[in-house]
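Then step back to the domains.

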Amino acid sequence: MSYDVIVVGAGSMGMSAGYHLARQGIRTLLIDAFDPPHHEGSHHGEPRLIRHAYHGGKAYVSLALRAHTLWNELEEATDTSLLIQSGVLNMSSANVYSYEERLKDARQLGVPLELLDADEIAKRWPGIRLTDDFTGLYEPEAGYLFSEKCVAAYRQMALAEGAILLPYTNVSSIEAKGEGVSVHTQHGVFHADKAILSAGAWFKTLEPFIKLPIQSVRKVVGWFQSDESLFDTKNFPGFTLGSLAGGFYGFPSIDGGGVKIGRHDQGAPWQPGEPIQPFGAYPDDEGDLRSALETYMPLAAGKLIRGSVCKYEMTSDEDFIIDYHPAYRNILLAGGFSGHGFKFSSVVGEILSDLTVKQATQQDISLFSLSRFQV
Ligand SMILES: Cc1cc2nc3c(=O)[nH]c(=O)nc-3n(C[C@H](O)[C@H](O)[C@H](O)COP(=O)(O)OP(=O)(O)OC[C@H]3O[C@@H](n4cnc5c(N)ncnc54)[C@H](O)[C@@H]3O)c2cc1C
């Protein structure tokens, strides 16, 4: 059987694209090396922050707002709670980052925001200890997403709309032939008019058909026992923290599971095929996270409850790649989501579907062109 579109990599972006395509009657085949949602890519260890007041320009703010609407629609369609509007507090030392640009862009697009000093932050969230050089940008309408549930919800909807999913099917090579594309797997060769390649941290497995400037990186997150009266979901928001010691992000203690914290910068490079070290293999896995908590949220720096290892797929400028294959207009690439892509996966799926079906999108994706790199 031949399909209209084959999606290679049915994770965060691919599964969403599969749904947006299938709902329009496009015959869609989703192929994944695992059984999404799974623990081998970039979407596990939920939750994920969804912020609207984005750095990097107004295009990101518009995308975040559209993404939020689409998450709400998915919640309604599947009768599942996926997005918790907890508010997100961004904190940064003036020595690291200023919120001026972000504030301007977001306000122009109607995002409600508050700029707070360290004293005001301490009054509202007594668990936080900041020095006077810190400023906070609070987004009351932002929050977090249960990423694995989101992928599962898109899977449910994509299959209900007629998409076919082949789990545990590894794509070993791709060929573009005339007007079509052939995708080779251990379960046979599949054909379609078009393809979307959304292989996350595993893009290297699609070389030499496509070679993208993406570095996959091992990342860790930890959940720490916290004073529930200060850090539970009733009292504490999602957060980002820009300090001279590094960039961190985190979440309130959900159902007593402890404050979750991760570090955005740094991490060990990783390549498909290499073993990935479990949490705790390096002293910094716990040490970095604990040290940030001890400094800025000491009553959330209790016993480590659990840790998890996940993968980022970094571009050099941390902007995404959403573009056509340089040699084939019927093949779309979606990768390099650089540790901040999950929140956008709902709208990225819509964009990929629009580009596939109409060769156009209403969103501004000029930041994400592949031509900004020398490939
Ligand atoms: C620790 C951590 C914290 C994060 N925090 C946030 C956050 O707070 N907010 C936010 O917005 N984002 C966050 N992110 C980033 C976000 O999760 C990723 O940007 C996003 O999940 C990437 O989606 P993807 O579709 O590219 O990758 P994935 O969801 O991993 O999907 C790729 C899929 O491709 C499949 N695949 C790959 N190669 C092949 C092949 N050859 N054959 C078949 N299948 C293949 C894989 O099995 C996988 O299912 C975080 C990421 C991590 C790791």
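β18 gives the most to the shell around the ligand, four residues. Helices (H or I, at least four residues) and strands (E, at least two) are DSSP runs numbered from the N terminus. This is a predicted model: local features need pLDDT of at least 70, side-chain atom pairs count only at pLDDT 80 or more, and totals for chains, interfaces and linings use all residues. Residues are numbered from 1 along each chain as its sequence is written, and side-chain values use heavy atoms, with hydrogens and water left out.

In total, 35 residues surround the ligand, each with a heavy atom within 4 Å of it. The closest are S12, D32, H38, C310 and K343. By class, the shell has 15 nonpolar, 15 polar and five charged residues; Ala, Val, Leu, Ile, Met, Phe, Trp, Tyr, Cys and Pro count as nonpolar, Asp, Glu, Lys and Arg as charged, and the others, Gly among them, as polar.

Now the polar contacts (pairs of N or O atoms within 3.5 Å). A side-chain N or O atom of H43 sits 2.8 Å from a ligand oxygen. T205 places a polar side-chain atom 3.1 Å from a ligand nitrogen. At G341, a polar backbone atom is 3.2 Å from a ligand oxygen. The protein covers 99% of the 1000 Å² of accessible area that the ligand has on its own (Shrake-Rupley method, 1.4 Å probe).

Why does the ligand lie between domain 1 and domain 2? Both domains give residues to its shell, so it lies between them. Domain 1 is 2-44 + 148-212 + 317-373, and domain 2 is 87-142 + 216-314, with bounds from an automatic or database domain assignment. Their C-alpha centres lie 30 Å apart.

Definitions and conventions. Polar contact = N/O pair within 3.5 Å; in protein donor to acceptor, adjacent residues only side chain to side chain.
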